[in-house]
Amino acid sequence: MLYLIFGENSYQAARKIRELKGSFRAKRADFLLEEIDGDTEEADLSKLHELFNQADLFGKPRFIILKNVIAEAPAAFKIIEKNGDFLKKSQDIFLFWEQDLKPKTKEYEFFEKHAAKIQEAKTLGLNELDLWMQKKAQTFEIKLSKEERKTMIDEAGEGGEWALENELEKMALGGEAALGKKPGFLGDSKPGFKESAASPFAFIEKMFGPRALLALKEAEVSGQDLGRLIYPLLWKLKQKRMADAYWQGILAESPMRRDPKNSYESLERFIISLKA
């Protein structure tokens, strides 16, 4: 089956992709996931031919995500167009996300003819973003006034879901530590927001420097809950895109949760592994 997501809002596109994957997983949990990113990979038209003509040898269904393939390699559309009937009838899922694709173009009309579903990932306006933020804050169990939401949204701007979600995650992990040491969370001075003196992020930042183990000792002395300190540390690793370290942190979190009294030793080993 063929699906299309078009539009420049990467946050909304990622959400729609997760929803489609979840729906597909509910039907076939053993599917294979493949991705081609036209933004980061050189155009390899032979790979497209393989995707369209080679089913999995073990009979597992495939969920294939193709991002900006048409925009980055216009010649790819000829291959896609030639395989329109196959894509429409295939038991595999071929999901195209094209950020710059516009309606009333020949590429869009192709998807209108062959795709099972077309969705737009459009940029949210400020009012829409406020409604989104109210719901998102509720999921984190965070209460924000209308003024606080407006301040954060004004700084993030239209389409600022990624920045706002990251800030809400940080607030949830750090209690009152809403907007960091800079009053405005994107750097501008804004009144009304203060960082809690007990914020774990003051120690987390030091754990990426030369005195990482000293920062851990300081966190313990200050009364930080070491069993929960792993969570803001994981958040920071995610922001730094340290995928391998993030995975190691996930592995370290499990024994800490089962045996909190050994949290200091577990964190110490994990921090040492980051320096290795």
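Trainee: Which residue in β5 does F6 stand opposite?

Mentor: F6 stands opposite E120 in β5. Strands here are DSSP runs of E with at least two residues, and helices are runs of H or I with at least four residues, both numbered from the N terminus. This is a predicted model, where local features need pLDDT of at least 70, side-chain atom pairs count only at pLDDT 80 or more, and totals for chains, interfaces and linings use all residues. Residues are numbered from 1 along each chain as its sequence is written, and side-chain values use heavy atoms, with hydrogens and water left out.

Trainee: OK. In what sense do β1 and β5 pair, and over how many bridges?

Mentor: In the parallel sense, over four bridges, with β5 covering residues 117-120. Two strands pair if DSSP finds at least two bridges between them.

Trainee: And β1 with β4, how many bridges there?

Mentor: Five, again in the parallel sense, and β4 is residues 93-98. The bridge partner of L2 in β4 is F94.

Trainee: Which way do the side chains of β1 point?

Mentor: L2, L4 and F6 point one way, while Y3 and I5 point the other way. Both sets are buried, meaning under 20% relative accessible area, with exposed being over 50% and partly exposed in between (1.4 Å probe, protein chains only).

Trainee: Why is β1 largely enclosed?

Mentor: Because five of the five residues of β1, residues 2-6, are buried by the rest of the structure.

Trainee: New topic. How many salt bridges does the structure hold?

Mentor: The structure holds 11. A salt bridge is a side-chain nitrogen of Lys or Arg within 4 Å of a carboxyl oxygen of Asp or Glu. Side chains of opposite charge can pair when their charged atoms come close.

Trainee: What does R15 meet in a salt bridge?

Mentor: The side chain of E19, at 2.7 Å, N to O. Both lie in helix α1 (residues 10-27), four residues apart, about one turn of the helix. R15 is partly exposed at 28%, and E19 is partly exposed at 44%.

Trainee: What about E169 and K238, how far is N to O?

Mentor: Their salt bridge is 3.3 Å. E169 is in helix α9 (residues 161-174) and K238 in helix α12 (residues 226-239), so the pair ties together parts 69 residues apart in sequence.

Trainee: Is E169 buried or exposed?

Mentor: E169 is buried, at 15% relative accessible area. K238 counts as partly exposed, at 40%.

Trainee: Last one. Which residue does K261 form a salt bridge with?

Mentor: D259, with the closest N and O atoms 2.9 Å apart. K261 is exposed at 69%, whereas D259 is partly exposed at 24%.
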